[in-house]
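Notebook open, structure loaded. I'll jot down what I look up as I go.

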Amino acid sequence: MTLLRTLVRQSPFHRAMRDYPASLLGLACLLLLGLGSVLLLPFIGDPRDFIAEPLLGPSTVYWFGTNGQGQDVWRQTVAGTASSLGLAFATGMSMTVIGALIGLIAGYTGSWIDKILSYATNIALVIPGLPLAIVLAAFLPSGPWSLYIVLVVTGWAWTARVFRGLALSLRSKDFVLAAALAGESRLRIVSFELLPNLLASFASSAIGATIYAIGAQVGLEFLGLGDMNRVSWGTNLYWASNDAALLTGSWWIFVPTGLCIALACSALTLVSYAVDAVNNPSLRAEQVLNKRLRDPLRRAIGVTPLAKEIRHALNA
Amino acid sequence: MIKILQRLVFYVVAIFLALCINFLIPRLMPGDPMNMIFARFQGQMSPEAIAGLRQAMGFTDASMASQFLHYFTSILQGNFGVSTSLFPARVGDVIWQSLGWTVLLAGVSLLVSFSCGTVLGALAAWRRGSWIDRVLTPALIFIGSFPYFWLAMLLVYIFAYLVEWFPIGHAYSDGSKPAWTFAFFVDVMRHLFLPALSIVLATIGGWILSMRNAMVSVLGSEFINLAHCKGLSDRVVLVRYAMRNALLPNITGLGMAVGYVLAGSMLTEIVFSYPGQGYLLVQAVRNQDYPLMQGLFFCITLAVLLANWMVDLAYYWLDPRTRGQNI
Amino acid sequence: MLSTPNLLEIRDLSVAFAAVEGPDLLVLDQVSLELKAGGIMGLVGESGCGKSTLCRAILKTLRAPAYIAGGHVSWQGESLLDRPPPVLNQLRWRDISMVVQSALDSLNPVVNIEAQLLDTMRAHGYRNAEANRERLAELIALVGLEQRHLKAYPHELSGGMRQRVVIAMALALNPKLLIMDEPTTALDVVTQAEILGHILDLQEKLGFAILLVTHDLPLALEFCHEISVMYAGRIVERGKVGPLQQNPQHPYTAGLLHSFPQPGSKAQVMRGVPGDPASFSSLPSGCAFHPRCTQAVGVCPELVPKLEQKGSTTVACHNPLQASRAEIGPTSESPKFMPNKKLQSLSSDLRAVQN
């Protein structure tokens with residue numbers, strides 16, 4: 001437990017979050033969408049109920065109006081958010097864990113294991129994901145698990161590549177060698193020397209994987225290839241398209257879902273700024289100085305500023 | 001040189017693997033694909049026709065190995081079988097017709113998105129704190145968070161339905177015949193604009209961000225500092241020293257982006273009923289037209305691998321370190 | 001007696017790093033330095049004491065989060081720090097140029113050598129292609145490279161060749177001051193001697209001033225006319241090579257002098273300087289050296305000593321050595337250093353042995 005506490009308090013994530021208030025905003029949005037939708041679920045009723053006439057616009061009674069089948073769009077949006085975010089996080093995490101394991105094994109062991117694994121990774125990267133997903137989804141029986149399987153199978157390769165590179169660079173880093181020479185146990189080496197680096201990369205990859213999962217999941221469902229019994233972002237849009245929402249001018253059917261998707265993906269991207277900055281110190285150094293400049297736009301590139309150009313300068 | 005050949009071998013292996021996937025999937029899935037086709041035609045095919053189709057698609061009683069050999073040789077001959085939904089059109093012919101439109105849409109969108117995104121990204125990194133960095137970049141990233149097809153739907157709603165500046169769908173006006181005339185060219189451009197715009201909007205944010213990050217990383221290098229010491233102008237440092245180096249990791253990204261853009265353009269084609277490979281693939285899936293589906297998957301994969309290979313070549317040309325000779 | 005005007009004059013220059021939380025970190029504290037035309041000044045100190053920071057501060061090319069917190073730098077009598085960027089750009093390289101430690105990192109990896117030599121010439125107004133070509137040939141010959149190396153890329157050349165390229169680049173516009181920041185640390189000893197010998201020859205021929213930054217004190221004593229010793233962002237002693245070597249007044253200088261074994265002298269116990277170098281985030285109060293100093297007295301932790309002329313050198317110390325003549329180490333014979341010419345012939349002897 002103390003290990004965890006120390007890691008968090010000393011962690012560069014703490015600092016990074018403070019430097020990037022936008023990331024905190026992103027985190028807040030994510031929590032709002034995720035927890036909000038889950039907490040609201042028991043209170044909104046069944047989104048599949050046919051409650052009123054189809055294609056009613058937004059009103060005080062039905063906040064988001066009704067869709068082409070007479071269902072409540074507000075209920076569908078909330079339920080869809082909970083369902084899609086849940087699946088996205090689950091698949092994103094799975095992709096990252098699997099990819100990280102494969103990448104770490106490949107990078108750390110080297111020799112022929114590495115050769116095979118990285119060749120496989122490269123091929124998985126280069127074969128286009130969505131067409132493969134479409135073909136797989138078309139052949140797999142429709143159901144809740146097929147989408148999960150298809151996404152994980154097509155999405156692990158990127159993380160594997162990242163972690164292989166990480167394992168290679170860490171393997172040769174001097175401090176690992178020094179620690180090993182000094183007789184430190186492997187566990188200590190892993191947890192204190194390698195962990196912070198790995199954690200940041202893991203977080204970054206997990207965020208990227210989740211963004212990919214959202215996009216791919218919505219795309220497949222939009223094509224009618226997901227579990228059509230679920231209420232999710234993708235199925236909402238599928239029905240919107242099927243019911244010719246555009247041609248009837250019923251924008252309220254597809255706009256709320258789209259906004260939720262964009263909000264979730266943007267929030268994830270914002271959070272990743274902070275996480276990336278942990279691994280990239282030069283980004284932070286510039287940030288720190290730029291915040292203190294009196295006139296940031298007039299600053300000449302490649303010229304060190306003088307004290308008078310900076311707020312709260314040390315006058316030495 | 002050797003590296004280029006090695007990459008070529010890699011791509012050949014990848015294509016082969018794609019072929020294997022194509023071959024194995026229908027045979028590994030539960031159920032007999034022939035039954036599905038039979039069900040689709042609702043018993044309107046004579047037993048001989050069914051047997052003939054089974055032969056043509058290679059679902060014979062022969063061993064897996066000889067089935068594969070048969071499949072492999074027919075592919076090499078360009079025989080992808082016969083489409084079941086567009087019976088009796090040959091898969092190869094159907095694919096060939098739609099190829100051009102997909103290349104046009106995906107190609108134009110990718111080029112515009114990459115070039116504009118790269119330039120804007122470089123500017124955003126150079127002038128951190130400017131409106132490009134603080135306003136435009138986040139705005140485009142937010143816009144890029146919407147699914148491709150959602151943006152397409154929005155654009156159709158606003159520009160084709162509300163204000164009717166652009167057509168709602170298809171590649172050219174219904175009723176006009178394709179011809180190499182200026183009028184037809186303009187017509188095609190009008191139909192291309194919204195789909196291409198939706199893809200560009202969806203992807204440009206990503207390019208801006210990755211170029212910006214690459215630039216920031218490069219701008220922290222020693223040689224940039226020395227370039228400043230040498231008294232070089234901002235423009236020279238930006239273009240010749242920073243951009244030329246930051247471009248390299250982005251070119252690598254370009255190869256992988258081809259796959260993504262093709263995927264996204266498929267979804268866009270649905271919304272616009274644009275007659276490209278993606279539109280066809282989805283129709284094939286909906287109609288359970290397995291031969292067409294497999295043929296399209298193979299073709300799309302081939303296109304992506306080809307594009308990747310061309311990007312690799314471009315990279316070798318741009319980065320002298322890959323040519324590694326020693327004086 | 002009419003003294004020649006100073007080429008470069010640094011007065012009380014301070015540089016700080018902007019910090020996220022807490023006070024900004026001061027990395028150069030009121031550093032003062034003077035250099036005359038044609039003079040060779042050495043700047044010596046341990047790694048991280050601020051020597052490189054000083055070099056880049058002169059040209060205002062320090063990277064974020066550094067900023068100049070105070071002081072004056074004047075070049076040929078006029079203030080350098082206040083010049084607007086376009087004027088500064090003209091002055092950079094034409095008047096003051098730099099040779100850095102890592103040549104591979106300092107060269108643009110995707111542009112060939114010729115282009116990198118040419119671009120600074122063109123940036124300073126030398127647009128005539130013919131004249132530039134001649135100048136290139138001159139520079140190449142000057143550093144001992146061949147014409148065919150011009151079309152090469154940095155990664156295709158060996159370390160020694162890259163260093164020569166960087167030197168050729170630095171001399172391209174005939175600067176009046178050449179700053180060398182650990183130029184040969186990454187090279188083997190033989191190449192090091194060769195290159196430095198070369199530079200000395202050029203200096204005699206062309207008459208530019210040199211500011212040599214190094215942690216290698218014997219090298220600096222060999223090479224320079226005058227030496228400044230830095231510790232924790234401050235100059236602690238400054239003086240001509242002879243007096244500094246014979247009668248160092250600052251305990252740190254003396255410690256440094258006794259840290260390097262002398263070739264050709266008897267075996268001796270190495271004393272070095274006890275303790276660890278001070279870190280900028282937790283500088284000792286008063287004189288930064290006092291925790292490691294054998295001469296420390298009561299006032300040392302309280303007051304930062306001022307740099308003043310005392311005896312044969314200028315020193316910042318409350319209790320300089322001349323005053324107490326305290327023991328630093330065994331009184332060994334004064335270290336013998338070989339003059340320049342001897343060093344060069346030594347290096348050619350070594351080469352002959354190698355081949």
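Started with β4 (residues 66-75) of chain C: this strand is joined to β5(C) by two bridges, and the two run antiparallel. This is a predicted model, so noted before going further. I looked up who sits across from Trp75(C): the bridge partner in β5(C) is Glu78(C).

Next I traced the rest of the sheet. Chain C has an open sheet of four strands, ordered β2-β1-β4-β5, with antiparallel pairing. Which strands stand at the edges? I find β2 (25-36) and β5 (78-79) of chain C there; each has a single partner strand, so one side of each lacks a neighbour in the sheet. Then I checked what packs on the sheet: helix α1 (residues 51-59) of chain C does, touching β1 (6-17), β2 and β4 of chain C. The direction of α1 makes about 110 degrees with that of β1(C).

Moved on to chains A and B. I get 52 residues of chain A in contact with 53 residues of chain B. Between them the two chains bury about 4,800 Å², 80% of it on carbon and sulfur atoms. How many salt bridges are there between chain A and chain B? I count zero. For polar contact, I have two residue pairs between chain A and chain B, both at pLDDT 80 or more.

Then I asked which helices of chain A supply the side that touches chain B. Several supply at least two residues each, among them α5 (111-126), α10 (186-222) and α12 (255-279) of chain A. The largest share, 10 residues, comes from α12(A). Sorted by class, that side of chain A has 38 nonpolar, 11 polar and three charged residues.

Note on methods. Residues are numbered from 1 along each chain as its sequence is written. Chains are lettered from A and ligands numbered from 1 in the order in which they are written. This is a predicted model: local features need pLDDT of at least 70, side-chain atom pairs count only at pLDDT 80 or more; totals for chains, interfaces and linings use all residues. Side-chain values use heavy atoms; hydrogens and water are left out. Contact means heavy atoms within 4.5 Å. Buried area is the accessible area (1.4 Å probe) that two parts lose on being put together, summed over both. A salt bridge is a side-chain nitrogen of Lys or Arg within 4 Å of a carboxyl oxygen of Asp or Glu. A polar contact is a pair of N or O atoms within 3.5 Å; within protein, one must be able to donate a hydrogen and the other to accept it, and residues adjacent in sequence count only if both atoms are side-chain atoms. Ala, Val, Leu, Ile, Met, Phe, Trp, Tyr, Cys and Pro count as nonpolar, Asp, Glu, Lys and Arg as charged, and the others, Gly among them, as polar. Two strands pair if DSSP finds at least two bridges between them. Axes are lines fitted to C-alpha atoms, for helices over the stretch in contact, and angles run from 0 to 180 degrees between N-to-C directions.
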